[in-house]
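Here are a few notes to read alongside the model, with the charged residues taken up ahead of the rest.

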Amino acid sequence: LSLVELAEQVGLDCIWLTEHHGQIDSPTPRPELFIANACARTQRIKFGTAALLLGQRAPLDIAEIVAMLSVLAPQRIKIGLAKGGPFLAHQRIWAASAERGERLLAALPMLHAWLNGQSVALIADEPPVALVPYLPALANTPLYVATRDPTTISQAAKLGMGLMAAQFWPLAGIRASVAQYTHEAGRPPLLMVGRGIYIDDDESRARERAFAHIRQVRARKHQAKRGAPPKAGSAS
């Protein structure tokens with residue numbers, strides 16, 4: 001939080017926070033709680049989620065989070081959405097990665113409807129549920145979807161949501177996603193691309209620290225996905 005206050009003082013524009021569970025590299029399982037606190041301590045700086053895991057959480061829960069943050073800090077909230085990573089813990093706590101992808105795809109139009117003041121029927125034979133609170137501030141909240149899935153990209157293009165790209169996604173894949181979106185929407189997407197940076201007075205030392213961090217993160221992700229550390233020399 002002290003870094004957030006400093007970031008605003010030096011003129012940074014936006015701070016993005018991840019939703020990760022059980023990962024030592026990213027200890028923010030509920031970024032919306034941090035953002036609410038940080039907004040109360042600052043006046044101007046924006047906050048984004050990179051990303052709320054819509055594939056693992058109920059669509060109405062996410063809609064209410066977006067609504068509350070947008071009402072508490074108008075024009076200062078950006079919302080990124082994702083299905084959640086293919087980690088063993090995620091699959092045991094929530095569902096398999098493919099199922100969470102299907103949930104994300106089904107939830108996007110529901111979220112879009114709620115945030116545009118429309119009621120949504122959760123079950124076909126029950127009355128539709130309206131989102132409360134609803135204010136015009138919600139219409140100005142940018143929404144991004146972190147995905148490389150062509151069907152989900154099509155849904156984002158149809159709903160006018162932007163795209164997100166994670167830190168280690170290759171540039172060729174990002175360009176392909178942007179090209180598909182642009183072709184289907186008739187315009188390029190709002191785009192948030194995550195990239196890491198290490199700064200040091202010594203360039204070689206900064207590079208050494210950056211590569212060491214990448215190897216460490218990839219080794220941990222490999223273990224989280226497969227339940228065993230990678231073989232020596234494989235985390236390149």
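**Notes on charges and a helix**

1. Arg 30 is partly exposed, with a relative accessible area of 34%. Please keep in mind that this is a predicted model. The side chain of Arg 30 meets that of Glu 19 in a salt bridge, at 3.4 Å from N to O. Both residues sit in the loop between strand 1 and helix 2, eleven residues apart.

2. Is Glu 19 buried or exposed? Its relative accessible area is 1%, so Glu 19 counts as buried. Glu 19 also forms a salt bridge with Arg 57, with 2.7 Å between N and O. This pair links distant parts of the chain, since Arg 57 lies 38 residues away in the loop between strand 2 and helix 3 (59–72). Arg 57 is buried too, at a relative accessible area of 13%. Through shared partners, salt bridges join Glu 19, Arg 30, Glu 32 and Arg 57 into one network.

3. Across the whole structure, a search finds eight salt bridges. One more worth a look pairs Asp 13 with Lys 46, whose closest N and O atoms are 3.7 Å apart. Asp 13 is in the loop between helix 1 and strand 1, while Lys 46 is in strand 2, 33 residues apart. Asp 13 counts as partly exposed because its relative accessibility is 45%; Lys 46, at 25%, is likewise partly exposed.

4. Lys 78 is buried yet has no salt bridge. Which side chain of opposite charge is nearest to Lys 78? That is Asp 13, 5.4 Å away. Leaving aside residues up to four places away in sequence, the contacts of Lys 78 include Trp 16, Lys 46, Phe 47 and Tyr 144.

5. Turning to helix 1 (residues 2–9), its buried residues are Val 4, Ala 7 and Glu 8. They cover an arc of only 95° around the axis, so they lie on the same side of helix 1. These buried residues pack against strand 1 (14–17), helix 2 (31–41) and strand 2 (46–53). Ser 2, Leu 3 and Gln 9 are exposed on the other side of helix 1. Gly 11 follows the helix, with a positive phi near 95°.

6. Finally, a nonpolar patch lies on the surface, formed by Leu 3, Leu 6, Val 10 and Leu 12. Together these residues have about 410 Å² of accessible area. Leu 3, a helix 1 residue, counts as exposed because its relative accessibility is 66%.

Methods
Residues are numbered from 1 along each chain as its sequence is written. This is a predicted model: local features need pLDDT of at least 70, side-chain atom pairs count only at pLDDT 80 or more; totals for chains, interfaces and linings use all residues. Side-chain values use heavy atoms; hydrogens and water are left out. Buried means under 20% relative accessible area, exposed over 50%, partly exposed in between (1.4 Å probe, protein chains only). Helices (H or I, at least four residues) and strands (E, at least two) are DSSP runs, numbered from the N terminus. The arc is that of the directions from the helix axis to the C-beta atoms. Contact means heavy atoms within 4.5 Å. Patches are made of residues with over 30% relative accessible area and no salt bridge: like charges are joined within 9 Å, nonpolar side chains (Val, Leu, Ile, Met, Phe, Trp, Tyr) within 5 Å. Accessible areas come from the Shrake-Rupley method with a 1.4 Å probe; for residues, only the protein chains shown count as cover. A salt bridge is a side-chain nitrogen of Lys or Arg within 4 Å of a carboxyl oxygen of Asp or Glu. Lys and Arg count as positive and Asp and Glu as negative; His and the chain ends are not counted.
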